[in-house]
Every structure is written in C-alpha cells, then in structure tokens.
Amino acid sequence: MIENIKLKQPAQKINNVHKVENNQISKPYGTTAPAFKGKLINFPQPVSKGEIGINTQLTSPKDIKMYNAITQVLATSINEKNSPLDNTSRLTKLDALLKNGTLLNKNSNDNSSTLENLYKIATTQRASGFDNAKILGQTIDAIYAPETITQFFGDVPPQAKAEILRNPNLDDKVRQNPALLDVTGSGTCVSASFEYHMARKHPAEFARWAEGLTSPNEAVEQTIKASSLNPSYLEAYNILKNMFEIKPEEIDFNSQEFKIKLQPDKNAKIRAQIQNGFWDKGERSILDVYIQSTFMQMGSEQTYNSLIDKREGKFNSNPEGLGEFEKIFIESIIENNERLSMVYQRVDEKQNLIGWGCDLETIQKHITQTLDLGEDVIVGYVLTNETSGDTKNPNYVNTPDNRPNKIVNGHEITIVDYKQDKNGNITFICNDTDDGYAGLIEYSADYLIPKIHHAGYPAKVVEADYERITNAVYGINNAA
C-alpha cells in the first residue's frame, strides 16, 4: 500500500540506496567479486515453491504454428541462431523453455503466454532499426538465464558519440560536456533487479514487455487494480496521475482498475541503438536498455534521461537511482497486488546508520516467509565506512562528517531462495545485476541482514509489524 503520509519520510531519509561512489560497486564483466563478498554458486533457477499446473506440451494447432514460426526465424538467422552470451543454440534454449513449462506460461497482465509474445516478436514489425531475430534471441536468453541481465551501460564508441552530438534536440548539458555519456557505474540497480525478477518469475509478462517496448509503439499497456496502490480508489488515481505523472488511458469504475501505458524515456532508443551496433559481452542488451529505462521513467515521475543515467523528480532529490517510495510503486504495478515497503534502518540527517527499527530476527522472518510463498525479495542494502572496509585504509580519517557508521554505498539485489544448515543458520541465495557474474551468489543471513535498509513484501507478510517498525525507524511517538 502506498500512503501519502509516508512520502517524505522514507524517500528523503537516506536518499534511498543509490550509488554514492560508483567505483566501489560497479566492476568489469567477468570479475567474481560482488559488492560485498559471498560464495559464488551456479545452478538452475529454483522452481517456485508450490508451483503447479505446468504445461509442457504443444497440443493446439495454434501453439504448434507459433512454435514452428519462431524456430524458423532462429534457424535461418545467420547471426542470432546461437547466443553471443554463451554460444548456446537458441533453439536448444527454446526447447528447454518448453520442457520446463516456461514457454506455455500465461502469468502475464493480459493472460498471453510466453509463446504468444515470442511469436509476435518473431513475426511482427519491430521499432525502426531493430531486427526481429535479435530481439527474439535476447528475449529467449533473458528468460532462459535471468542471471545474465545486467545494469552495466558499456562504452559509447567515438562514431556513436559524434552522431549523438549532431542531434539538434540534444540536451545542452550533454552537448557542452559529452563525457556525461560515459556512464561507468549505473544507478539502475532497482530497475535491473525488477527486470531480473520479471524474467525469472513472470516470463510471459517479460516477453510481453519485450514485445511491446520494441514494437513501433515502443510502449506496453498495463491493467492494474486500484487496490494494489491504495485501498482508496481516488487515492490510487491520485498516486498514478498526480504523484507519478502517469495518466490512466482507461478507467473502469466497476472493476476498479486502470489501464495505463508505460514507456521508456525519450533517449532510451538512442542507448538501445548504441547497444544494437556496438554491444560487447557483459553490457546491457537492447532489452535491458528498454526495460530498465521504462522502470526508471515510471519511478522517477517521468524525469529519467537514459543518455546520462540521471533523473529529477519530486520524491528523491538525488539524481541517481530510485528511492524506496518509488521502488514500492513499481513493485506494486509489476505484481498488481498490495505491497508494503519495510524500512528497517534508522539513519540520521548526516547519513549515519544509528540503529534498527526492529530486531534482526524479525527481518529474517519477513524474508524467509516471503520466500516460502514462492516470491522473490528485492532488498536495498547499505555499506558504511566500517562495513565497506574503509576504516582499515591508512588514509581514513574519523571526523564528525565521516564517522565509521557513515553510509558510503548502497545497492539493490534480489534474494531468490534460502537454505538452512543443521545448526539453524540461514544462507540467502541472491542475484546481483552489478557484480559482473552471470550467476547466483550466497550470503549468510548474519552478514547480509544488518546491511538491509529496506525491502518490499506482500502486504500480508509484514502488515502486522509495519506500523510498529515504521514508528521506531522514524521516531514517531504513538502517544503524541
């Protein structure tokens, strides 16, 4: 649930887990050291707990026709038959998606299947300049192995930069300082985490977004329940239109639903065209650009600029990344269900970590209960001078503005599962879109939980604790 009364508290208390010093988090592709160290693992994505009704057989003539059309496009493509990520045949990946039930999955906003959306990508016109087979292949890659999704922008070659600078509509600040195009550490960790989550848990919806955003319309339509944003229908409308600048295309008063159109920012296509022509392994794909830019545009109240990876907006004064309030807005729309964002850490006005609003066992309970429901948990964590290791640097100076508990970095990752040893110790299995590693990674609960600033959950998991913890974090006195 999104409530007006809490807008200025979570959103401006901490600048909300953005990149403060990008060089401490962003690493070249191929490194095996994430932002903070854990154990690297590589295994197939976990099957959702309690998942039933998986369909793995092509039985209808329509499905068979669509499958054959997709295979024809892949088989006849000179450049896209095999994936540049791992040199694996995309026909092999497509077959695997059929056998594990992903291809016929219909967990999408309009009940269309992964297969139907891949068929549209393969056989209908794409946005100008983009090839059907390439978009099709990238979509299959992402759904087959969501851990390959990255937030790494990559370089802008001189010829591409020169073309951008010739654009008469280019922002003056970019024209005056072309170095702004060289994004070395992106602030799209929230958006990339949502992209990963969608590919992993909602493959049909991911394929639907891939189809819509790369179509000539470069947009995707979404029907959302008003109750996913707020119990009040009018307040939900206010959140969409007046807070996040998304005017509903249609309003159904009977079902209390809104139909909205979601689009990336106006510069996303330029970034996508760069990746279309100059992609290197480890950089964002065309799809990564479009999907992450759309999430950034949604969350930043339509103020994002893909060229320089900066945003404006009314809920987060920091120009990088998305704030906690903006994050839960996006999550509510993706899940089309009531979500609550729990802020756990107490942070003072100088960005010092000064405590927690609850015991760490409660945070662990929230996470594990959500994972037991078969859902991911996207968390924002922070590093202080002490936990990042800066206090061990001989040049570190402890001053009033640079205490050991001063927050110096923040990032967003996705917890996808957990395991428990014989002594009851919990280990979380996570995905990080900025660690340069196309696989999952493990962190012990004892290590990760104290660093978690906020996380989004299904309302039913945390609503009993929400008011108590929020009051404790922001110093609200119930007796006042």
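Reader: Is Glu 442 buried or exposed?
Author: This is a predicted model, so let's work from its computed values. Anything under 20% relative accessibility goes down as buried. Glu 442 comes in at 9%, so the label for Glu 442 is buried.

Reader: Which side chain does Glu 442 meet in a salt bridge?
Author: Glu 442 sits in strand β11 (residues 440-444), and its partner is in strand β9, so the pair ties together parts 23 residues apart in sequence. The N to O distance is 2.7 Å, and the partner is Lys 419.

Reader: What does Lys 419 count as, at 39% relative accessibility?
Author: Buried stops at 20% and exposed starts over 50%, with another class in between. Lys 419 has 39%, so Lys 419 counts as partly exposed.

Reader: How many residues apart in sequence are Lys 350 and Asp 401?
Author: These two form a salt bridge, with their closest N and O atoms 3.8 Å apart. Lys 350 is in the loop between β6 and β7, while Asp 401 is in the loop between β8 and β9, so the pair ties together parts whose separation in sequence is 51 residues.

Reader: How many salt bridges does the structure hold?
Author: Some share partners, joining Glu 80, Asp 86, Arg 90, Lys 93 and Asp 141 into one network. For the structure, the count of salt bridges is 23.

Definitions and conventions. Residues numbered from 1 in each chain as written. Predicted model: local features only at pLDDT ≥ 70, side-chain atom pairs only at ≥ 80, totals over all residues. Heavy atoms only, no water. Salt bridge = Lys/Arg side-chain N within 4 Å of Asp/Glu carboxyl O. Helix = DSSP H or I, 4+ residues; strand = E, 2+ residues; numbered from the N terminus. Buried < 20%, exposed > 50% of the residue type's maximum accessible area, 1.4 Å probe, protein only.
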